Amino acid sequence: MGLKARVNTVHSRLSHLSPGDITACEFLFLVSFAIWMVFQLLETALIGDIISVHLMQVVRFSCIALLFISELLGGRYDRRTLVWLCLAWLFCIGMINSGQMYLIDWILFSFCARNVRMDKILQVAFWVSSIVCVGIILCSLIGLIPNVLWMAGDRPRYLLGFTYMLFPSMIAFNVTCIVVLLKQDRFSLVHALCLLVANLAIYLATDSRLSFYLAIAIIVLGLMGSQRKRQSLASASILLSRMVHAPITRIVAYAAFPVCALVMLLLTIMYSPDNAIMQALNSILGQRLELGNSVFHGYGLTLFGQEITQTGSALGADGTVTSMGSYNYIDSLYVKLFIQVGIVPAIIFIAGFTWLSIWAYNERKWYLLAMLLILALRLTIDDLSFFLRYNILLLYLSMPLACRHDMPNEDRGEGV
């Protein structure tokens with residue numbers, strides 16, 4: 001037997017080492033993803049120096065090594081895959097130039113996710129996110145870690161053991177998306193009630209309004225979609241069905257991300273405090289136009305990114321204030337991409353999600369499409385969705401590359 005034949009034999013045997021109903025490729029990906037998610041979420045908690053920079057690096061590189069082995073076992077390549085990799089590399093150049101190399105992890109996970117059944121990934125994401133989030137909150141409530149009270153004007157906001165009040169609400173919103181994507185047509189009133197209670201409890205403590213309102217929208221859409229064949233919510237379901245098949249839906253699917261990005265970027269660049277309309281919009285958007293315009297005039301635009309010193313409001317892991325200087329944080333991910341990461345990477349990112357939206361529309365994945373359209377709007381005023389720990393939809397960016405007949409039908413819904 002020749003060397004090539006021996007290598008193929010070993011590869012075939014390793015590929016079919018299946019713990020349960022998953023392949024060795026999927027198993028390694030899921031283990032890597034679970035470990036990575038646990039440490040990413042713990043890094044946002046007020047747990048002091050338990051998780052050091054050195055430990056995070058060891059965990060990251062170990063997870064990437066597992067991903068590499070997983071890719072060797074189950075990777076599939078064609079022309080589309082090579083194009084995806086080339087565009088991803090251009091995007092990574094912007095991330096490196098902007099000093100955000102740590103965010104390259106989600107690009108690697110997204111690429112390797114094409115070899116894994118999405119329902120398995122969603123289940124791992126659900127359990128890891130839920131257990132870690134609940135664990136951090138409980139530890140803060142019983143006093144094991146601080147539960148800082150943050151006063152923002154007349155808004156008392158508890159951090160629930162996290163370094164910033166938006167983090168637990170983002171996790172709850174992400175879990176809501178995961179459950180709806182998993183259950184789909186089997187999403188029930190019980191699921192809706194549990195998710196509503198969880199999001200409401202965190203909202204009452206943190207006063208994080210955007211995540212709560214969007215979570216409610218996802219829950220309502222999930223119910224309308226799953227109940228469309230039953231008598232309950234029948235009229236709403238008929239309305240939803242008509243909306244899905246209306247010509248405008250296709251237009252929105254194709255244009256949502258480019259239009260939202262272009263509008264927010266132009267409003268930011270053209271902002272003037274002397275314009276009454278602009279001033280009113282700036283007030284509605286929480287001063288985001290003014291802050292973005294200030295950073296734009298200070299740094300300008302580049303093709304492939306630049307390092308920008310931004311001052312936000314989050315606490316350090318030990319509960320101390322780490323921000324120095326005046327607040328100049330860019331909350332809009334669209335604006336941040338163009339100014340900080342670069343014009344070319346920004347266009348690639350927007351094109352990637354546009355491609356995913358078109359694919360979701362053509363494949364009739366209405367739940368996914370609905371969440372993508374909500375995400376397109378969210379990115380105009382929020383940048384936390386750039387983190388995989390808060391946005392499972394990032395993993396879907398390589399799903400159009402999969403198109404595998406051996407993957408279970410995602411639309412049937414799986415138990416959590």
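Reply: Take the contacts in the chain between residues at least 6 apart in sequence: 73% of them join residues at least 24 apart. Contact here means heavy atoms within 4.5 Å. The model is a predicted one, in which local features need pLDDT of at least 70 and side-chain atom pairs count only at pLDDT 80 or more, while totals for chains, interfaces and linings use all residues. Residues are numbered from 1 along each chain as its sequence is written, and side-chain values use heavy atoms, with hydrogens and water left out.

The chain contains 17 helices and two strands. Both are DSSP runs numbered from the N terminus, helices being H or I over at least four residues and strands being E over at least two. Of the 416 residues, 51% count as buried. Buried means under 20% relative accessible area, exposed means over 50%, and partly exposed lies in between (1.4 Å probe, protein chains only).

Now to the salt bridges. Side chains of opposite charge can pair when their charged atoms come close. A salt bridge is counted when a side-chain nitrogen of Lys or Arg lies within 4 Å of a carboxyl oxygen of Asp or Glu. The whole structure holds seven of them.

Are the two partners buried or exposed? Arg 117 counts as buried at 13% relative accessibility, and Glu 26 is buried as well, at 3%.

Another salt bridge is formed by Asp 105 and Arg 60, whose closest N and O atoms are 2.7 Å apart. Because Asp 105 belongs to helix α5 and Arg 60 to helix α3 (residues 53-74), the pair ties together parts that are 45 residues apart in sequence. Asp 105 has a relative accessible area of 2% and is buried. Arg 60 also counts as buried, at 16%.

A further salt bridge links the side chains of Arg 80 and Asp 78, at 3.5 Å from N to O. Here Arg 80 counts as partly exposed, at 39% relative accessibility. Asp 78 is likewise partly exposed, at 32%.

Disulfides are another kind of link to check. A disulfide is a covalent bond between the sulfur atoms of two cysteines. The test used is a pair of cysteine sulfur atoms within 2.5 Å, and a search of the whole structure finds zero. Among the cysteines, Cys 86 is exposed, with a relative accessible area of 52%, whereas Cys 92 counts as buried at 9%.

Thr 354 is in helix α15 (residues 343-362) and is buried, with a relative accessible area of 11%. Apart from its neighbours within four places in sequence, Thr 354 is in contact with Ala 253, Tyr 254, Phe 257 and Pro 258. Ala 255 is found in helix α11 (residues 247-269) and is partly exposed at 25%. Its C-alpha atom is 9.8 Å from that of Ala 376, although these residues are 121 apart along the chain.

Accessible areas come from the Shrake-Rupley method with a 1.4 Å probe, and for residues only the protein chains shown count as cover. Val 134, Leu 138, Leu 141, Ile 142 and Leu 144 make a nonpolar surface patch of about 540 Å². Patches are made of residues with over 30% relative accessible area and no salt bridge; like charges are joined within 9 Å, and nonpolar side chains (Val, Leu, Ile, Met, Phe, Trp, Tyr) within 5 Å.

Two loop residues complete the picture. Most residues other than glycine have a negative phi. Asp 207, not a glycine, has a positive phi of about 55°. Asp 207 is in the loop between α8 (189-206) and α9 (209-226) and counts as buried at 16% relative accessibility. Gln 287 also has a positive phi, near 65°. Gln 287 lies in the loop between α12 (276-284) and α13 (288-299), where it is partly exposed, at 35%.
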